[in-house]
Amino acid sequence: MAYLSLRGVSVEFPIYQGANRSLKKALLRAGTGGGLKRSSDNRVCVRALDNLTFDLVHGDRVGLVGPNGAGKTTLLRVLAQIYEPVHGQIEVEGRISPLFDTGLGLAMDATGYENIYLRGYYMGMRPHEVRTRMNEIAEFTELGDYLNMPVKTYSSGMILRLAFAVATCIQPEILIMDEWMMAGDASFLKKARKRMESFVAQSSIMVLATHSEPLMMEWCTKAIYLEQGEIKMIGPTKEVLNEYRRVSEAA
């Protein structure tokens, strides 16, 4: 059974030569939302996540809310095991399907077909698994002969089609996603949304970072309110959104 468990997880990003630049400190504090601190080796750093502890189990559909710089994207990357915490522990059981970076796992000089293999390998698929799904993936992208061309020649919308088609070709256990899949042309968006609804329904656990309250109310059963890398509230989606809205309006 899939699960995610975080215990005292913190993530820091060092700022080299930052100790003597007060203006730089002020700008980073305003821009990142994280707190400027000193690490154990006395370097100035931004603490993007600060002592996060929570558990997610089968059936959880979780939305991440908070202002820009609150730590939502950093948390997604920690859950996807891209970032390693500097403090605390994270335990993961289940195959993770990340959907928050269209370029993740893509080689820009390789063709679309080659990238289907590369991104499939990144997701933990075996070569024969990719081969059996190749025609279905290619058809869903609607890219045709462009799949024989280097990805560096693609538009951002074409890259999104390719990345989305591969990422949603296997049933997920733990789905980690941003709302990037809501971008793109109208015809593909309608097609992608239908597939995404099925993808979400099949997942054991879903974590979604979004600024869309309607989307969160539709897809999420609970929410986590982040601010400056700290958890301010965890609970039912409507209650957390109401609290976030109250704080935002009072600011």
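**Reading packing in a predicted model**

Trainee: Where is Thr74 found?

Mentor: Thr74 is found in helix H2, residues 72-79. Helices (H or I, at least four residues) and strands (E, at least two) are DSSP runs, numbered from the N terminus. This is a predicted model, in which local features need pLDDT of at least 70, side-chain atom pairs count only at pLDDT 80 or more, and totals for chains, interfaces and linings use all residues. Residues are numbered from 1 along each chain as its sequence is written, and side-chain values use heavy atoms, with hydrogens and water left out.

Trainee: Does Thr74 count as buried or exposed?

Mentor: Buried means under 20% relative accessible area, exposed over 50%, and partly exposed in between (1.4 Å probe, protein chains only). Thr74 has 12% relative accessibility, so Thr74 counts as buried.

Trainee: Which residues does Thr74 touch?

Mentor: Contact means heavy atoms within 4.5 Å. Leaving out residues up to four places away in sequence, Thr74 touches Val11, Phe13, Ala48, Leu49 and Tyr83.

Trainee: How do I read the pair of rings of Phe13 and Tyr83?

Mentor: A pair of aromatic rings is described by the distance of the centres and the angle of the planes. Rings of Phe, Tyr and Trp (its six-membered ring) pair if their centres lie within 6.5 Å; planes under 30 degrees apart count as stacked, over 60 as edge-to-face and the rest as tilted. The whole structure has 4 aromatic pairs. For Phe13 and Tyr83, the centres are 5.5 Å apart and the planes stand at 75 degrees, so the pair is edge-to-face. Phe13 lies in strand S1 (residues 3-14) and Tyr83 in the loop between H2 and strand S5 (87-93), so the pair ties together parts that are 70 residues apart in sequence. Phe13 is partly exposed at 32%, and Tyr83 is partly exposed at 28%.

Trainee: What does the largest nonpolar core look like?

Mentor: In soluble globular proteins, nonpolar side chains tend to be buried together. A nonpolar core is a set of buried Ala, Val, Leu, Ile, Met, Phe, Trp, Tyr and Cys residues joined through side-chain atoms within 4.5 Å. The largest one here has 43 residues, and those with the most contacts inside it include Tyr154, Leu162 and Trp219. H5 gives the most to this core, with 8 residues. A second, separate core of 26 residues includes Val62, Leu76, Leu79 and Ala80.

Trainee: Which residues of H4 meet H5?

Mentor: Ile137, Phe140 and Thr141 in H4 meet Arg161, Leu162, Phe164, Ala165 and Val166 in H5.
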